[in-house]
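Open the model in your viewer and keep the selection tool at hand. The stops below say what to select and what is there.

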Amino acid sequence: MAHVLTLLPMIWPWLILIAAQITALSGRMGVALALLALFISFGSVANLITPWAIAVIAIGLLGAATLPRLSGAMAVAGHTLLILWCFALGAHLVPGFNNLLILDQVYAGEKSATFTMYLNLDKPMVFFAVLLVWPSMLFARQKTNATWLVVGLALLPLIFLAAVSIGALRPEVKLPPWWLVFAVSNLFLTCFTEEAFFRGYLQSLFSSKLGPIGGVVAASLLFGLAHFGGGPALMIFATVLGLGLGLAYAATGRLWVPIAMHFAFNFVHLAYFTYPVSA
């Protein structure tokens, strides 16, 4: 808690962003967009977001809001452009976003490699765009498929066992002093965004063409590919994680389920294993 209070003068604008995300997840998109506009305004005044970046955000959100009304070749082109926009923001390829460095080459534990973390401004924009283009991800009405849910949950501990068996991770029980800021950032700036994009949007989009299992597999493969920077092992682990989260989403139709699973997985990794990898 002391670490968060120390950072509060720098990170308080992100509290507005988090409020916008929670409001959007509850289905009140109008209020969420108003809070998002307030966050962007503060970010602009604080030189965190440049006019170019604001223009990129506006184009993406307007395009996402228009996309549900398109059909045929225009819809295909629109979805393709939106996916590229999302990947560009998620990979921090768009200039004009001055993401805040809050952890620089720190150690989670004695056996862990160094870890650096930013509070992102660009990646969370994806969350709002995909909710605009696929709002039904929040309101699916279906009976829970208990078998798929159990299988999805079972895949998560298997990833840790596999990672330990090949030496990618080692058991290390600890809770670093910066755990709370990690938890808040990981939940809202990572898990909210990635699950809305990969499960709520991409999996739903692919499932409408390939069926439920086809959608789970396709979205999971892309989730693994998005982790290519960490090497082949991480890509495989991320793909399996995506399968678990995808099955849980397909089983329940509730976006908060894979969000909670993803966050729990990441927090268990931090608290009980070398983070991000073994030193």
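Start at the loop between α4 (72-90) and β1 (100-107), and select H92, which is placed there. This is a predicted model. The phi of H92 is near 60 degrees, a positive value in a residue other than glycine. Is H92 buried, partly exposed or exposed? Its relative accessibility is 39%, so H92 counts as partly exposed; the cut-offs are under 20% for buried and over 50% for exposed.

Next, go to strand β1 and select Q105, which is found in that strand. Q105 is not a glycine either, yet it has a positive phi of about 55 degrees. With a relative accessibility of 48%, Q105 counts as partly exposed.

**Into the core**

Now select W14, F39, F128 and Y201. In the largest nonpolar core, which has 83 residues, these four touch the most other members. Which helix supplies the largest share of this core? It is helix α7 (residues 179-210), with twelve residues.

Stay with F128 and display what surrounds it. Leaving aside neighbours within four places in sequence, which residues is F128 in contact with? They are L17, A20, Q21, A24, M29, A32, L36 and L61.

**A pair of helices**

Clear the selection, then select helix α6 (residues 146-165) together with helix α10 (residues 256-272). Their axes come within 11 Å and cross at roughly 20 degrees. Because angles under 35 degrees count as roughly parallel, α6 is roughly parallel to α10. The crossing in which α6 passes α10 is right-handed.

To see where the two helices meet, show side chains on each in turn. On α6, the contact is made by L149, G152, L153, L156, I159 and F160.

**Last stop**

Move on to the segment after α10, where P276 lies. Select P276 together with Y275 and look at the bond that links them. What kind of peptide bond joins Y275 and P276? It is a cis peptide bond, with omega about 0 degrees.

Terms used
Residues are numbered from 1 along each chain as its sequence is written. This is a predicted model: local features need pLDDT of at least 70, side-chain atom pairs count only at pLDDT 80 or more; totals for chains, interfaces and linings use all residues. Side-chain values use heavy atoms; hydrogens and water are left out. A nonpolar core is a set of buried Ala, Val, Leu, Ile, Met, Phe, Trp, Tyr and Cys residues joined through side-chain atoms within 4.5 Å. Buried means under 20% relative accessible area, exposed over 50%, partly exposed in between (1.4 Å probe, protein chains only). Helices (H or I, at least four residues) and strands (E, at least two) are DSSP runs, numbered from the N terminus. Contact means heavy atoms within 4.5 Å. Axes are lines fitted to C-alpha atoms, for helices over the stretch in contact, and angles run from 0 to 180 degrees between N-to-C directions. Angles under 35 degrees count as roughly parallel, over 145 as roughly antiparallel, 65 to 115 as roughly perpendicular and the rest as oblique. A crossing is left-handed if the near helix is turned anticlockwise from the far one by less than a right angle, and right-handed if clockwise.
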